[in-house]
Amino acid sequence: MRNLFTLVILAAVSCAAYFVYNSSTQEQFLLRGRVEVVPEMLKQAQAINNTCSIIVKNEADVPVAIKRVINPQFPMEFTITKADLLVGELIGDVKLEVQINDHGNLGVLKAGDIFGNAAGMFEPNTKDIVVMANQRTGMPKFADRSRGNFFRTAAR
């Protein structure tokens with residue numbers, strides 16, 4: 001009887017240890033890679049007080065994680081973990097976008113901002129992702145003053 005009781009206790013401890021080990025080694029949310037900027041935009045991208053934001057979106061284009069770096073130097077290595085998630089749990093593949101600007105507002109592209117994305121969708125535990133910042137919004141243009149004042153013209 002004592003041997004049976006010891007065997008049951010040993011089996012219970014073994015099962016508990018297995019479940020604790022299995023839950024600790026289960027895949028956690030981790031994205032790792034680097035942000036690269038095309039050479040013609042590199043000087044502007046590395047300007048003082050710039051912010052580089054890596055935005056992780058789900059298949060429905062909803063942001064699920066954000067990693068922000070102030071005063072980035074490129075190429076820039078990044079690691080996005082569960083601590084960067086905006087949601088409790090993530091299901092499905094993700095895509096990554098990058099925005100580099102001096103105003104820090106996400107989702108608002110202003111003239112001169114640099115942005116880009118990684119090609120394709122990624123599983124939540126992918127390494128060696130390359131996010132290429134290769135696009136820029138148009139530079140600000142001043143109004144053409146040769147056409148006259150709108151309000152004077154409209155009043156006629």
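I started with secondary structure and counted three helices and seven strands in the chain. Helices here are DSSP runs of H or I with at least four residues, strands are runs of E with at least two, and both are numbered from the N terminus. Read from the N terminus, the order is α-β-α-β-β-β-β-β-β-α.

I noted the ground rules next. This is a predicted model, where local features need pLDDT of at least 70, side-chain atom pairs count only at pLDDT 80 or more, and totals for chains, interfaces and linings use all residues. Residues are numbered from 1 along each chain as its sequence is written, and side-chain values use heavy atoms, with hydrogens and water left out.

Then I checked the whole chain. Of its 156 residues, 29% are buried (under 20% relative accessible area; exposed is over 50%, partly exposed in between, with a 1.4 Å probe and protein chains only). The chain exposes about 10900 Å², and carbon and sulfur atoms supply 56% of that area. Areas come from the Shrake-Rupley method with a 1.4 Å probe; for residues, only the protein chains shown count as cover. I also looked at contacts (heavy atoms within 4.5 Å). Among those with a separation of 6 or more, 64% join residues 24 or more positions apart.

Which residues have the most contacts inside the largest nonpolar core? They are Val35, Val56, Ile80, Leu96 and Ile100, in a core of 28 residues. Such a core is a set of buried Ala, Val, Leu, Ile, Met, Phe, Trp, Tyr and Cys residues joined through side-chain atoms within 4.5 Å. Strands β1 (30-37), β2 (51-57), β3 (63-70), β4 (76-81), β5 (95-101) and β7 (125-136) each supply at least two of its residues. Leaving out residues up to four places away in sequence, Val35 touches Cys52, Ile54, Phe74, Pro75, Met76, Phe78, Val98 and Val131.

Is Glu77 buried or exposed? Glu77 sits in strand β4 and counts as exposed because its relative accessible area is 60%. Beyond four places in sequence, Glu77 touches Gly33 and Arg34. Glu77 and Gly33 are 44 residues apart in sequence, yet 5.8 Å apart from C-alpha to C-alpha.

My last stop was Asn101, in strand β5. Asn101 is buried, because its relative accessible area is 5%. A polar atom of the Asn101 side chain lies 3.3 Å from the backbone nitrogen of His103.

How values were computed:
A polar contact is a pair of N or O atoms within 3.5 Å; within protein, one must be able to donate a hydrogen and the other to accept it, and residues adjacent in sequence count only if both atoms are side-chain atoms.
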